[in-house]
Amino acid sequence: MQAVWIKRPNSATSAAGERGVLVFAAGWAGSDELVRHAVLPEGWDFLCLFDYRDLPKQAELDTLYELLAPYRERRLAAWSFGVWAAEQVFGPLCAMRPGGFWSAAVAIGGTPAPIHDRYGIPARAFAVTVRSIGGAGTTRFLERMCGTPEVLREYYRHRSTRPLEEIYDELVSLQRQALSSSTADLLPEKGLWTTAIVGGRDAIFPPENMERYWNEAGVPVSIRPAMPHYPLCEPELWRRIITDEAR
């Protein structure tokens, strides 16, 4: 996993107690390029997580936790497969700190069971995606992800430039990791999440599967009827997450 600071003063460590931090876990094939244009309110730092070919070892997790702990307020947003990744990275931390580590944790367009016939992308559909990525298959995936030509153009303005071979390796790795984490027997649970956002026009994660997972987990769900799978061009998305208006 890669972790890149989008916004962080040079004196972030000493001044963190006076600031807030937003951590964004991008989806498959993502990178910090997707959110470098984002505007956050003053007093907030911004960290982007992506590339889940390998998840952090315990020593790396401890370092990450130590960097985030001094902040006066911590908020987590995760998109698509980033919801699963954030669950793997931060779930154990929340279990160790029952009082709560995050002021808010918002899951967007995904669930902790990303490859699942009831709670995520159906296994057969995911296998088709793995076989088709590359060339025209990638183009069709992006068209489905964005939903409209306008959103697709916005995506291309800020798209990740990671090479195809790398993101294909990530996709296969995510398939292996998600299926080996016993998601077939998973029972939905609230875990670290405080809110979930489901796009009514999501053509990657079936909206009914996401809504089913979050309802059974007891997590408040906000349905955005017009939102496709790609949410990052939604006006004021980050401000709403920081001010609790995302729910």
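Rings of Phe, Tyr and Trp, the last by its six-membered ring, count as a pair if their centres lie within 6.5 Å. In this predicted model, such ring pairs link Tyr 65, Phe 90, Phe 101 and Trp 102 into a cluster.

**Aromatic pairs**

The structure holds 16 aromatic pairs. Two of them are set out here.

| Pair | Distance between ring centres | Angle between planes | Class |
|---|---|---|---|
| Phe 90 and Trp 102 | 4.9 Å | 85° | edge-to-face |
| Tyr 119 and Tyr 213 | 5.5 Å | 80° | edge-to-face |

Planes over 60 degrees apart count as edge-to-face. The planes of Phe 90 and Trp 102 are at 85°, so this pair falls in that class. Phe 90 belongs to helix α3 (residues 81–96), while Trp 102 sits in the loop between α3 and β5, so the pair ties together parts that are 12 residues apart in sequence. Phe 90 is buried, at a relative accessible area of 0%. Trp 102, at 11% relative accessibility, counts as buried too.

For Tyr 119 and Tyr 213, the planes are at 80°, so that pair is edge-to-face as well. Tyr 119 lies in the loop between β5 and α4 (123–132) and Tyr 213 in helix α8; the pair links distant parts of the chain, 94 residues apart. Both Tyr 119 and Tyr 213 are buried.

**Helix α8**

Helix α8 covers residues 207–217, and its buried residues are Pro 207, Asn 209, Met 210, Tyr 213, Trp 214 and Ala 217. Viewed down the axis of α8, these residues fall within an arc of 165°, so they line one face of the helix. In general, an α-helix has 3.6 residues a turn, so residues three or four places apart point the same way. Gly 218 follows α8 and has a positive phi, near 80°.

**A buried aspartate**

Asp 45 is found in strand β3 (residues 44–50). Is Asp 45 buried or exposed? Its relative accessibility is 0%, so Asp 45 counts as buried. The side chain of Asp 45 is joined to that of Arg 19 by a polar contact of 2.6 Å.

**The cavity**

A search of the whole structure finds one cavity of 30 Å³ or more. The largest cavity holds about 40 Å³ of space. It is lined by 10 residues, of which Val 106, Thr 195, Ile 241, Asp 244 and Ala 246 are the closest to its centre. Both β5 (104–108) and α9 (237–242) supply at least two residues of this lining. By class, the lining of the largest cavity comprises four nonpolar, two polar and four charged residues.

Methods: Residues are numbered from 1 along each chain as its sequence is written. This is a predicted model: local features need pLDDT of at least 70, side-chain atom pairs count only at pLDDT 80 or more; totals for chains, interfaces and linings use all residues. Side-chain values use heavy atoms; hydrogens and water are left out. On a 1 Å grid over the protein atoms alone, a cavity is a set of points where a 1.4 Å probe fits but cannot get out, and a pocket is an open set with protein on both sides within 12 Å along at least five of seven lines; lining residues have an atom within 4 Å of a point. Grid points are joined across faces, edges and corners, and a volume is the space filled by probe spheres set on the points. Helices (H or I, at least four residues) and strands (E, at least two) are DSSP runs, numbered from the N terminus. Ala, Val, Leu, Ile, Met, Phe, Trp, Tyr, Cys and Pro count as nonpolar, Asp, Glu, Lys and Arg as charged, and the others, Gly among them, as polar. Buried means under 20% relative accessible area, exposed over 50%, partly exposed in between (1.4 Å probe, protein chains only). The arc is that of the directions from the helix axis to the C-beta atoms. A polar contact is a pair of N or O atoms within 3.5 Å; within protein, one must be able to donate a hydrogen and the other to accept it, and residues adjacent in sequence count only if both atoms are side-chain atoms. Rings of Phe, Tyr and Trp (its six-membered ring) pair if their centres lie within 6.5 Å; planes under 30 degrees apart count as stacked, over 60 as edge-to-face and the rest as tilted.
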